[in-house]
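Visitor: I would like to take a close look at one part of this protein, the places where charged side chains pair up. Could you guide me slowly through them?

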Amino acid sequence: MARRRRGSHNALDAWPGYVDALSTLLMVVTFVLLVFVVGQQFLSVSLTRREHTLDALQKQLAELSHMLSMSEDKNRSLNATVASLTAERVQNQAQITALGGQIATLTGQIQSKDQALADADTSTKAQTAQISTLQAQIEELTRQLQAISNALDLEKKTEAAKDVQINDLGQKLNVALADKVNQLKRYRSEFFGRLRDILKDQKGVNVVGDRFVFQSEVLFPQGSADLTPEGQKEIRTLAHTFRQVSSTIPTDIPWILRVDGHADRQPIHSAFPSNWELSSERAIRVVQLLISEGVDPHHLAATGFADYQPLDAANTQAAYARNRRIEFRLTDR
């Protein structure tokens, strides 16, 4: 009887320890949840600031585009004015040349007929008056030509200033476009980085430059465009990751996820007439599964390259396996 009572007493002494352990675990879970909530708040604030910044850049880009369009219209008007003045200048020069010829002819006539003109003073005076009139016309045309030249020089200076302004606007526009491209590169790096972490131990999946590559055997049976259960699982994993990344891409960035189907150059022995149809159908099946998993079809494209974009030109089974693939490329539209 004494032994039985002592064992019951020890069991009761252990209960407070369990209570302390459960209390400590509850505090740790509460602290972790608190840290997670605070982190979510900081992330939300950061995303909001990024959206405001992108909206401001978009407005600035629209203003620059409008200014550039206005400058181009005015530049075209200035070019038309310059062309008109140039044509008028050429016409006046032609008139001056013609009048100079007439003066030379009259002068020759006067020199060859000095004696006859002495007897015909009236005729000489008339010719002299005609010469004076022609000289006055030449002087007037010369003044007009000088005015046209001055106006042409002014238009050229104005056009040069506008060209400088247009170049400045073009540089600003290029900087803004380059910023959009760099933003897309950052999101592409984030997308591929997440996929690399998720699928780093998966055989037949790797990153080649700016493309994420699945070997066809990972997704499809040989000669078929029907996704295997394992292939559907891989594409659903990719769709989940892509939805997370695409939700953070601003709407003003023109991006698209291109799904490229590639085949090897071995003759095909299936229901498909050629490798063109097989590679295209495989890309389409992947796109259809991505759409069913919630990826926006406006940002998807399916393309087939048959066997005309090989990674390995060797005639070996290993080379054929490398060339049979599905590539994902996040690029601008």
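Visitor: Which residue forms a salt bridge with R143, and how far apart are the closest N and O atoms?

Guide: In this predicted model, the partner of R143 is E140, and the closest N and O atoms of the two are 2.4 Å apart. Both residues belong to helix α3, which covers residues 121-198, and because they are 3 residues apart there, about one helical turn separates them. E140 is partly exposed, as its relative accessible area is 34%. As a general idea, side chains of opposite charge can pair when their charged atoms come close.

The structure holds 11 salt bridges, and one of them joins E293 to R236, with 3.0 Å between the closest N and O atoms. This pair links distant parts of the chain, since E293 sits in the loop between α6 and β4 while R236 lies in helix α5 (residues 229-246), 57 residues apart. E293 is partly exposed, with a relative accessible area of 24%, and R236 is also partly exposed, with a value of 36%.

Another salt bridge connects D260 with R258, whose closest N and O atoms are 2.9 Å apart. Here D260 counts as buried, because its relative accessibility is 1% and buried means under 20%, whereas R258 is partly exposed at 25%.

Conventions. Residues are numbered from 1 along each chain as its sequence is written. This is a predicted model: local features need pLDDT of at least 70, side-chain atom pairs count only at pLDDT 80 or more; totals for chains, interfaces and linings use all residues. Side-chain values use heavy atoms; hydrogens and water are left out. A salt bridge is a side-chain nitrogen of Lys or Arg within 4 Å of a carboxyl oxygen of Asp or Glu. Helices (H or I, at least four residues) and strands (E, at least two) are DSSP runs, numbered from the N terminus. Buried means under 20% relative accessible area, exposed over 50%, partly exposed in between (1.4 Å probe, protein chains only).
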